[in-house]
Amino acid sequence: MSRKQFDLIVFDWDGTLMDSTAAIVKCIQAAAKDLGLPVPGEAAAAHVIGLGLHEAMQAVLPDADPKYHARMVERYRYHFLSRDHELTLFQGAREMLQELAQEGYFLAVATGKSRVGLNRALNDVGLLSAFDATRCADETFSKPHPAMLQELTRELGQDLKRTVMIGDTTHDLLMAQNAGAAGIAVEYGAHPIHQLQACNPLFSARSVAELHQWLNENA
């Protein structure tokens with residue numbers, strides 16, 4: 001079966017497949033509170049989701065003494081580890097991935113999580129074998145640098161022009177642009193719709209079901 005546009009579909013993890021945005025925001029806020037630092041608001045904390053952890057802490061508290069950034073990472077991990085087992089996939093995400101795999105697409109993940117964090121999350125939801133390749137922020141450059149997509153396509157022998165990145169943040173969409181790949185936005189994650197639209201995604205999905213339908217008809 002010939003593909004319409006894409007051979008490789010790359011997903012962000014948090015806020016795109018995993019319903020974790022609210023938990024991540026709370027953990028960032030709790031980490032700042034632990035250290036007596038100004039607690040960022042929900043919008044500021046949500047905006048850094050998708051970046052590597054160190055980059056995220058620098059971005060969310062740019063005025064803090066740099067010595068606190070590593071401690072913020074430690075406290076964030078402490079809080080996240082205490083609750084990540086409670087997190088679930090968005091409804092319909094598992095079925096969408098299974099159907100895309102059956103259709104013969106290459107599937108991958110590009111995430112701001114660490115390798116340990118992603119593997120634990122994949123194991124918790126039973127998706128360790130669902131993807132052909134994955135890249136994490138502690139293995140290469142953080143989004144929106146194009147390295148994750150460049151490395152994934154190279155590893156899988158794919159063409160960036162026939163690759164699409166799907167994510168809930170401008171970091172995901174800008175990474176796709178920087179790599180010369182297509183970008184699809186999902187509107188149910190960390191970044192507001194107007195910021196996503198400013199990145200000119202190929203499509204913007206309001207739900208996993210809408211994303212799944214679009215991929216069935218257009219990918």
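## Basis of the description

A residue is called buried at under 20% relative accessible area, exposed at over 50%, and partly exposed in between, with a 1.4 Å probe and protein chains only. By this criterion cysteine 136, at 0% relative accessibility, counts as buried.

The model is predicted, so local features need pLDDT of at least 70 and side-chain atom pairs count only at pLDDT 80 or more, whereas totals for chains, interfaces and linings use all residues. Residues are numbered from 1 along each chain as its sequence is written, and side-chain values use heavy atoms, with hydrogens and water left out.

## Domains and their interface

The protein chain is divided into domain 1 (8-19 + 88-218) and domain 2 (21-85), with bounds that come from an automatic or database domain assignment. Taken over C-alpha atoms, the centres of domain 1 and domain 2 are separated by 23 Å. Domain 1 gives 19 residues to the contact and domain 2 gives 16 residues, where contact means heavy atoms within 4.5 Å.

Between them, domain 1 and domain 2 bury about 1200 Å², of which 51% is on carbon and sulfur atoms. Buried area here is the accessible area (1.4 Å probe) that two parts lose on being put together, summed over both. Of the area that domain 1 buries against domain 2, 32% is supplied by Arg120, His171 and Ala190, more than by any other three residues.

## Nonpolar cores

A nonpolar core is a set of buried Ala, Val, Leu, Ile, Met, Phe, Trp, Tyr and Cys residues joined through side-chain atoms within 4.5 Å. The largest such core has 58 residues, and those with the most contacts inside it are Phe11, Trp13, Phe131 and Leu215. Helix H1 (residues 21-34) contributes the largest share of this core, 7 residues. Because domain 1 (8-19 + 88-218) and domain 2 (21-85) both give residues to this core, it lies between them. Another core, of 16 residues, lies apart from it and includes Leu8, Ala110, Ala179 and Ala181.

## Helix H1 and its surroundings

Helices (H or I, at least four residues) and strands (E, at least two) are DSSP runs, numbered from the N terminus. H1 has 14 residues and reaches 20 Å from its first C-alpha to its last, close to the 20 Å expected at 1.5 Å a residue; the expected span is 1.5 Å times one less than the number of residues. Among the buried residues of H1 are Thr21, Ile24, Val25, Cys27 and Ile28. The buried residues of H1 pack against helix H2 (42-47), helix H3 (53-60) and helix H4 (67-81). Just after H1, glycine 36 takes a positive phi of about 70°.

Methionine 57 is found in helix H3 and is buried, with a relative accessible area of 1%. Leaving aside neighbours within four places in sequence, methionine 57 is in contact with Ile28, His69, Met72, Val73 and Tyr76. The C-alpha atoms of methionine 57 and tyrosine 76 are separated by 9.3 Å, although these residues are 19 residues apart along the chain.

## Cysteines

A disulfide is counted when a pair of cysteine sulfur atoms lies within 2.5 Å, and by this rule the count comes to 0 disulfides. The cysteine sulfur nearest to that of cysteine 27 belongs to cysteine 136 and is 18 Å away. For cysteine 136, the closest cysteine sulfur is in cysteine 27, and the 18 Å separation is too far for a bond. Cysteine 27 counts as buried, at 1% relative accessibility.

## Loops and backbone geometry

Most residues other than glycine have a negative phi, and most peptide bonds are trans. The peptide bond from lysine 143 to proline 144 is cis, with omega near 5°, and proline 144 is in the loop between strand E3 (133-136) and helix H7 (147-156). Leucine 174, in helix H8 (residues 170-179), is partly exposed at 32% relative accessibility. Not counting residues up to four places away in sequence, leucine 174 touches Pro144 and Cys199.

Asparagine 200 has a positive phi of about 55° although it is not a glycine. This asparagine 200 is placed in the loop between H9 and strand E6 (203-205) and is exposed, with a relative accessible area of 65%. Tyrosine 188 is found in the loop between strand E5 (182-186) and helix H9 (193-197). Beyond neighbours within four places in sequence, the contacts of tyrosine 188 include Gly15, Thr16, Phe90 and Leu211.
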